[in-house]
Amino acid sequence: MKVFLCKNCEHERYQCFACHRLSSAKTDPPELFPCASASCGHFYHAKCVAQLLFPENEAKATEYTTRIINGAKFACPVHKCDVCKYGENKEVKELQFAVCRRCPKSYHRRCLPRKIVFDDVIENGVCLFQRAWDGLLPKNRILIYCLKHNIDPNLRTPLRDHIKFPDDPITKKSSNVNGLRRVKIRCLDDCLPVPSSSSKRPLGTSTCSSSINSIAKRKKEHLPGGTKHPSMQKSVMSVIPISTFPEVDINTATRIYDFAQKASSNITIEDVQKQLVVSSTYTSFMKNTDKVTLGKVERSVEAVKTAVHMLESGADIEEAKDVCSPYDLFQLAKWKNKLNIYLAPFLHGTRYTSYGRHFTKLDK
């Protein structure tokens with residue numbers, strides 16, 4: 001699967017996981033802030049997350065809001081059990097988390113409320129719908145919908161109207177007719193005209209002047225009242241340099257087009273891969289690096305830096321684990337090892353040491 005970015009990431013507008021309002025992370029200061037944990041991915045308004053972390057101390061929540069706006073990192077409430085307020089231990093089954101899908105609330109398996117059931121249950125004549133599913137989340141976690149969310153009897157989940165995406169400025173401007181989007185299609189007239197073979201010009205002269213004039217003419221017709229725009233021809237000249245348009249007759253252009261079509265149809269991905277010869281020692285590691293994306297590495301490194309800064313500032317080791325767990329450290333070390341082996345033939349070349357000459361097969 002190629003790298004996929006949703007509209008929220010493309011426009012850097014995300015939903016607050018507490019109030020679910022859509023806000024921007026591009027402003028200065030940002031309206032939303034990400035949780036510092038490497039494996040979290042949730043965004044919050046500074047005020048929302050401060051109130052969640054300090055629900056009974058308004059003064060401390062206000063102070064923490066200012067700190068977050070000024071750049072302080074935080075671990076959101078998802079990383080603490082809502083009952084006992086301790087973190088997760090993935091090695092102990094009873095201390096693994098059950099995480100709500102719709103709000104920042106987590107429980108240990110042993111702290112899970114009795115009404116969050118794994119199957120439909122009739123209790124005192126009232127049907128308790130299933131709210132917990134085991135085996136759906138990684139790291140042996142439980143997926144739940146906490147008691148804050150009403151289960152729809154038809155969907156068997158809460159109402160699925162909780163996700164918001166930012167409006168795409170391009171699609172927002174396009175008009176809809178009977179529910180269909182009107183799409184502007186470029187016509188051949190919009191493209192640069194190809195000079196005919198009958199036109200005679202001295203060899204080496206440029207043919208773009210007529211193209212520029214025709215573009216400027218069309219632009220002028222679209223201006224209100226047919227008035228000339230003073231910077232129109234100047235801007236067109238700056239975009240299309242004259243030296244990039246040598247004279248090509250129609251027959252030559254046709255032959256070049258046919259040749260390009262034939263050449264591109266003969267090239268396959270297998271041919272390209274055959275040209276990229278890498279020592280067989282490294283081929284098995286190349287298949288394991290596709291899932292190591294730049295975003296994951298950056299988030300993990302940032303989490304490590306935040307955890308180290310917290311420890312240096314006198315924070316507890318458990319607080320640092322909320323931001324960067326031992327699993328995240330091990331994962332980062334694995335990525336480093338994979339990437340080192342993957343890059344070795346490109347950085348150092350396929351050369352042998354004296355050890356390799358004695359113990360490596362000749363074909364390798």
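C100 stands opposite I144 in strand β10. Strands, like helices, are DSSP runs numbered from the N terminus (strands: E, at least two residues; helices: H or I, at least four). The model is predicted, so local features need pLDDT of at least 70 and side-chain atom pairs count only at pLDDT 80 or more, while totals for chains, interfaces and linings use all residues. Residues are numbered from 1 along each chain as its sequence is written, and side-chain values use heavy atoms, with hydrogens and water left out.

Strand β5 (residues 97-100) pairs with β10 (residues 142-144) in the parallel sense, over three bridges. Pairing requires at least two DSSP bridges between two strands. β5 also runs antiparallel to strand β6 (residues 106-108), again joined by three bridges. Here F97 stands opposite H108. Five residues separate β5 and β6, and the two form a hairpin. Within β5, F97 and V99 point one way, A98 and C100 point the other way, and all are buried. Buried means under 20% relative accessible area, exposed means over 50%, and partly exposed lies in between (1.4 Å probe, protein chains only).

The structure holds zero disulfides. A disulfide is a pair of cysteine sulfur atoms within 2.5 Å. The sulfur of C111 has its closest cysteine sulfur in C81, at 3.8 Å, which is too far for a bond. C111 is buried, at 15% relative accessibility. C324 is also buried, at 9%.

M310 lies in helix α10 (residues 294-312). M310 counts as buried because its relative accessibility is 19%. Beyond neighbours within four places in sequence, M310 is in contact (heavy atoms within 4.5 Å) with A315, E319, A320 and V323. M310 and V323 are 13 residues apart along the chain, with 9.4 Å between their C-alpha atoms.

Side chains of opposite charge can pair when their charged atoms come close. A search of the whole structure finds eight salt bridges. Each is a side-chain nitrogen of Lys or Arg within 4 Å of a carboxyl oxygen of Asp or Glu. E10 bridges to K7, with the closest N and O atoms 3.5 Å apart. These two are three residues apart in helix α1 (residues 7-11), so about one helical turn separates them. E10 is partly exposed at 45%, and K7 is partly exposed at 33%.

D134 forms a salt bridge with R109, at 3.2 Å between the closest N and O atoms. D134 lies in strand β9 and R109 in the loop between β6 and β7 (121-123), so the pair ties together parts 25 residues apart in sequence. D134 is partly exposed, at 43%. R109 is buried, at 16%. Salt bridges that share partners also join E88, K90 and R141 into one network.
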